[in-house]
Amino acid sequence: MPNRFCAICGKALTKNSPHLGMCINCYSTENPLFELVNTFPVNICIDCGSYSKKDVWIDSLNDDLFSILEEIIKNLLLKPLTRYKQIILTFTIKKDDLVYSSRKLIKFVEVLVIGRLKNDPNIHHQQVVRLNLTHTLCRNCSNLHSGTYFTSILQLRVKNESQFDLIDTVLDQISKYNKSLFEKDRRQYISQIEDQKNGVDLYLGTKELLNHLIKFLKAKYHFILKKTKKLVGRDNQKGKNLFRTTALIKFLPISKNDLLLIDKKEYLVENITRSKVVLRSKDSIKLIKEYSYFFNESTITKINSV
Ligand SMILES: [Zn+2]
Ligand SMILES: [Zn+2]
């Protein structure tokens, strides 16, 4: 067999050399396994670590910057290459000589990406990509910071001052419960609590949170619930109307075992079901009333609790 030589560098070719009359090195240079951009701009939220290339923010599973950067490299930078199943990609982030901004934030990092052909690891390619980092607040965190963004309102009301302690207790419970929701999903926040005459208004980040809170309270308290939906605008990007939901919760002003005076007759609150109140008089007369009865009827006087 006559000796063959690489058409580009003149090196003697072996049996394993790829075709086209080139040695492996020249072949790899002429036909890189992959191509990436040289600089890749990315936004990282200073508060929650979520990241974005454009408008869509992706929640990060990590807290420290380098783990977040690894996520960015896998999920954004190298994503277009994952369709090349025959290339094995590895990468390393250069961690020395980092350049910091005046706010002590890393301005950019260099990533060395190496790809090898699965069948022939001698064929490989490497490229350095610079990730330009913009440290900013994601949409959710900036809404959170402004304290003015909300999609739903939860109104908690009692009949009068005698029940104000109840509002305090409920707010305490809600704040503890919301803390655990917020830790799992940072969109579930209460942006504002406003005092009202007979209670408070809670401004909520999501409708989901509104439903969570209603369910949470239903398991503990008896109340009348009224939901209203109001058109507040239009999301042109999604082509949808935007509604704001308001849920009014009126806590039942009586509890089980309360003694009530109705039309000069004494009744014991024997039971409270999901929508009705069962009363019993001393002479065993049973009376069943809707919740609303106890908000409208002014002839009811609470005597005391047993
Ligand atoms: Zn060559
Ligand atoms: Zn954020």
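This is a predicted model: local features need pLDDT of at least 70, side-chain atom pairs count only at pLDDT 80 or more; totals for chains, interfaces and linings use all residues.
## The zinc ion (ligand 1)

What holds this ion? Which residues coordinate the zinc ion (ligand 1)? Cys-6, Cys-9, Cys-23 and Cys-26 do, each through its SG atom, at 2.3 to 2.4 Å. Along the chain, these donors follow the spacing C-x2-C-x13-C-x2-C.

The site of the zinc ion (ligand 1) is tetrahedral, with angles of 104 to 119 degrees among its four donor atoms. For comparison, the ideal angle for four tetrahedral donors is 109.5 degrees.

## The zinc ion (ligand 2)

Now turn to the other site. The zinc ion (ligand 2) is coordinated by the SG atoms of Cys-45, Cys-48, Cys-138 and Cys-141, at 2.2 to 2.3 Å. Its four donor atoms make angles of 105 to 114 degrees, and the site is tetrahedral.

In sequence, the donor residues of the zinc ion (ligand 2) are spaced C-x2-C-x89-C-x2-C. Cys-45 lies in strand β1 (residues 39-45), while Cys-141 belongs to helix α3 (residues 139-146), so this pair ties together parts that are 96 residues apart in sequence. Are Cys-45 and Cys-141 buried or exposed? Both of these cysteines are buried.

How values were computed:
Residues are numbered from 1 along each chain as its sequence is written. Chains are lettered from A and ligands numbered from 1 in the order in which they are written. Side-chain values use heavy atoms; hydrogens and water are left out. Donors are N, O and S atoms within 2.8 Å of the metal (3.2 Å for Na, K and Ca); water is not among the atoms, so sites may look incomplete. Four donors count as tetrahedral if all angles lie between 85 and 135 degrees; four count as square planar and six as octahedral if opposite donors are over 155 degrees apart and all others between 65 and 115; anything else is irregular. Helices (H or I, at least four residues) and strands (E, at least two) are DSSP runs, numbered from the N terminus. Buried means under 20% relative accessible area, exposed over 50%, partly exposed in between (1.4 Å probe, protein chains only).
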